[in-house]
Each structure stands twice: as structure tokens, then as C-alpha cells.
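Me: I have a structure to study, and I want to know what stands behind the labels. Can we go through it step by step?

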Amino acid sequence: MSPRYDGRKDDELREIEAKVGILSEADGSALFRIGKTVVLAAVYGPRILHPRHLALEDRALLRVHYNMATYSVPERKKPEPSRREVELSLVIKRALESIIFVEEFPKAVIDIYLHVLQADAGTRCAAITAASLALADAGVPIKDFIVGVAVGKVGERIVLDLNKWEEDYDSEKLKQDEKMKEFVEYYGEGKSTDMPLAYVPREDAFALIQMDGKVPIDEIDKMLKLGRKGALQIYEKIKEVVRKKYLSIPL
Amino acid sequence: MGKVYFENKSIVLPGELVAEGKDLEITGSFYKVDDKVYPKCISLLEIKGPNKIKITPLTGKTYIPRVGDLVIGIVQEVTLSGWLIDIRSCYLANLPLREALNEFVDVFTSDLSKYYDYGDVVACKIINVPKSKLIQVSVKGENLGKLVGGRIIEISPSKVPRVIGKGGSMVQLIKQITGAKILVGQNGRIWIKHPDPEVVCLVAQAIYLIDKASHISGLTEKVKNFLEEGMKNLMKK
């Protein structure tokens, strides 16, 4: 019986890469890659808000712009903000609001640009992690880093960090393909349900839980625990990257 | 009694449990949950004594205004009753007429831009930070007013104390070795003036060095060597 499509174990993450402070003009920036999904984050602020009527009396306004590059997916994505991008901008904003000390900057704005350069599933999760790094790079006061990771039920298996192939899994279609039949043996019958998560380690809580599909209620707990495990691994990795940057400043 | 979980001069990250306990004296940027202390930004932890710690942010380009600070601003708007100044904060600062001039000015007939115009660089002092209105500044005082000539560079406001040094030691060192005029704004804007533009560049490089490596020890010595080398090379030309 072969393992997952890309050879990983059920609870194994794809390869992670992170860089901080790569855009000199932004107040804070980061590049985050998980597998083939790559997201660039840029943070501007806290800064003066125009137009003034959007200002909030007692806190900073958080503006999140999640967008996918036209070349980030195999079929060119039209440049205008799609409904999906508008929704993801909103859910990511809500997740980030839970970690930023927005009350320290009343009437100001913090602009967060999340640009997906290459999409292979898990883009909103990678975007949240990238945003977290960029916010820290910008010196925006935060409670902790927030880490995005996706879990899912592919066929009958619960796995961590799905790639696009797993997200599109459909056992009925695969059975008709000679080369792909073996994967049906591994994953089992059914389609794929993905569950993007965002986890804040210091609070031991999720700031984002979404689900696209169907899962029996008694499996939810197992999926969340798997998500938390994956998130903590990403958390340790990104902290290592940030710390290394400051410890290795050459003179 | 308190417990500190990191060594002196460690880099600490937001959300990391840095210290815990009652009777801890903590300065800098942090937040507490019960008796547990966490940094809000990527910071340098310094243990100043038993139960005394300081958490200094290493990042951040936005200046948080404090009354009494000397800042270097750039005039953004000329209004009927004064000027609006960008001080690198998330709020504009207001320089009212009475804090700029001693003479009587008829606002309906005179053009205020002849005193300070758009783009002018001004050294000013913060006199009020009200909750919801504009920050109030003044140019009445020593070393304040329009800065003419020279060059402005920008660093993170959190690094300004390092550029100034204990009792002004770092900035005095730079002035001594190079002979340049330097004015350091608490908002991270620094004005450098010297007749030789290459000396201005050298001073700027030294300050960027401090900005990048503020958490490394032995910095004063490194800056001294860097400047002395630089001045020697300039003298040779």
C-alpha cells in the first residue's frame, strides 16, 4: 500500500521556508512557503488613515487585502478581486484581529497585503502565517504569532496539510485511471473535506476554523488535535527563522 | 519573587514566556497575563538586576508620541491657523501659530507658507498628546525650528536611545570624530550636516550600523573604529 500522493505520512507537513524583512519599503514583510504554496506578505502601519470617516474611535482599523496573482494557478486567475478573495480577506482579518493590540492606535490603520504567488492548497493558512511574520517584522504589537495550517479528510483518511491533488480527491474519478487506482486503496472511498485552521499557541486556541465538506462529528476533535500538532511545528520553525535573523547580524 | 526564563541580552519573541512572578520591575514593551510576562514585539531582554528586567523592541518604524520629546517633522499642510506636520507617527502633528511665532500675524491677509512651507524640515517639541485630537507641537525653544541644508535619514524609533547613547555618549563620539552637526529626533529622524558630503555619508552609514546591530555588545567600539577608519580614508583623498 503506497503512502500519500507525495509520499508523506498522514501527520507530516510539507517542506517549510520562511524569510522576514524582504521588502525594504514596507514597514514589515515576509515570504512564507509550504510545499508549493508561496505567499508574500507586506504590512504598512500603524499609519494615518485616509479617508477619515472610516476611522474607529478606540482602535486601529485593520485592512487585509488577500489576493492571488494571475499566474499563481494553472488556469490564469482574473486580476479583479473574486468573491472568494473578498471573503478570505475578511476571515483572515478576523483571525489577525485576535492577536493584534489594536487599542493602542485609535483612529489609525494597519494595512496588510497578502499576495499568493503560487497556489497549491492551503493558501489562506500560509497567508495568515506570512501575515504574522510580517506584523512582527513591522513591530506591530501582537500577543503571539498566529499559525495557519489545514487538515482534512481525504477519502477515509484524516491528514495534515493537504496539497491541491488531495483537495480535489474523488475516489470515483480516480478508479477510472489506471495509474491513480493505487491511491484509492490508500485513501479510501469518497471525496475530500478540507478544514483550514489558524492557531494561537499562547492562548491554545483557534482564531479561524473553516470547513468545506462533510465530516462525522466525532472526528472533528481528532482533526483539530492534528491541526494543533502541525501548527506547533510550523510555529517552532518560524520562530527559529526570526531569531536566527537577529542573532546573525554581520558587522 | 520572580523568575526569568531567558539569559541577559537574549532575543525574545512575542508570546514567549519571559518572566513570571510578583514584585518584578519591568520596563519596555510587554503585556501580562496574571503574573506572566510576554513581549509584544521582537525584543531584546536585559536583566538589570534581581527582579528587574527591560524588554526593548528591536523593530517598528512608527513613532509613538510622548510629551517632551524632540522630533524632526516635515510640513505636510499649511492651514489658516498653523501647520500640519508629519512626525512619522500614525497621527499628524499640529503646529499652531502661537507656538511658532512671537509676532502678531493677521491670518486673513498673510500667507503662512512664508514662515514654514510644504516640505520644510522642522525640529519641534511635543507639548501635548490629547486622546482624540491632533498632537500639539512647538518650535519655541533651543535647537528648534526650521532645519536648513544637511541631510535627513530615518531609522527605527526604538533604536534612537542607542544612537544617543548613555548620557549622549554615542552621538557625542560621532560628532567628535567627524566634526558633523547632528540632531537626533526621538521619532527616528536624524539630521546630519557637514560641508563635506562624504562625511555626511559616513555618519549616515555609522547610524545605519547602530540601527541594524543595536542588540550586539561592543557596539560603541565597533562604531568608533568604523568612523576612525572612514575619516582616515577621507583625509587621504
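**Strands and their partners**

Reply: This is a predicted model. In chain A, four strands make up an open sheet, ordered S7-S6-S8-S9, with antiparallel pairing.

Me: What makes S7 and S9 of chain A edge strands?

Reply: Count partners. Strand S7 (157-160) and strand S9 (205-209) of chain A each have a single partner strand, so one side of each has no neighbour in the sheet. On average, neighbouring strands of this sheet are turned by 30 degrees against each other, direction ignored.

Me: How do you know that S8(A) and S9(A) pair?

Reply: Pairing needs at least two bridges. Strand S8 (residues 192-200) of chain A and S9(A) have four bridges, in the antiparallel sense. Therefore they count as paired. One example: Val200(A) has Ala205(A) in S9(A) as its bridge partner.

Me: Why do you say that helix H2 of chain A packs on the sheet?

Reply: Contact means heavy atoms within 4.5 Å. Helix H2 (residues 123-138) touches strand S6 (147-154), S8 and S9 of chain A. The direction of H2 makes about 165 degrees with that of S6(A).

Me: Now chain B. How do you know that S9(B) pairs with S12(B)?

Reply: Use the cut-off of at least two bridges again. Strand S9 (residues 70-78) and strand S12 (residues 121-128) of chain B are joined by five bridges, so they pass. They run antiparallel. Leu70(B) has Lys125(B) as its bridge partner in S12(B).

Me: And what joins S9(B) to S10(B)?

Reply: Four bridges, with the strands antiparallel. Ile74(B) is bridged to Asp86(B) in S10(B). S9(B) and S10(B) form a hairpin, with three residues between them.

Notes: Residues numbered from 1 in each chain as written. Chains lettered and ligands numbered in written order. Predicted model: local features only at pLDDT ≥ 70, side-chain atom pairs only at ≥ 80, totals over all residues. Heavy atoms only, no water. Helix = DSSP H or I, 4+ residues; strand = E, 2+ residues; numbered from the N terminus. Axes fitted to C-alpha atoms, helices over the stretch in contact; angles between N-to-C directions.
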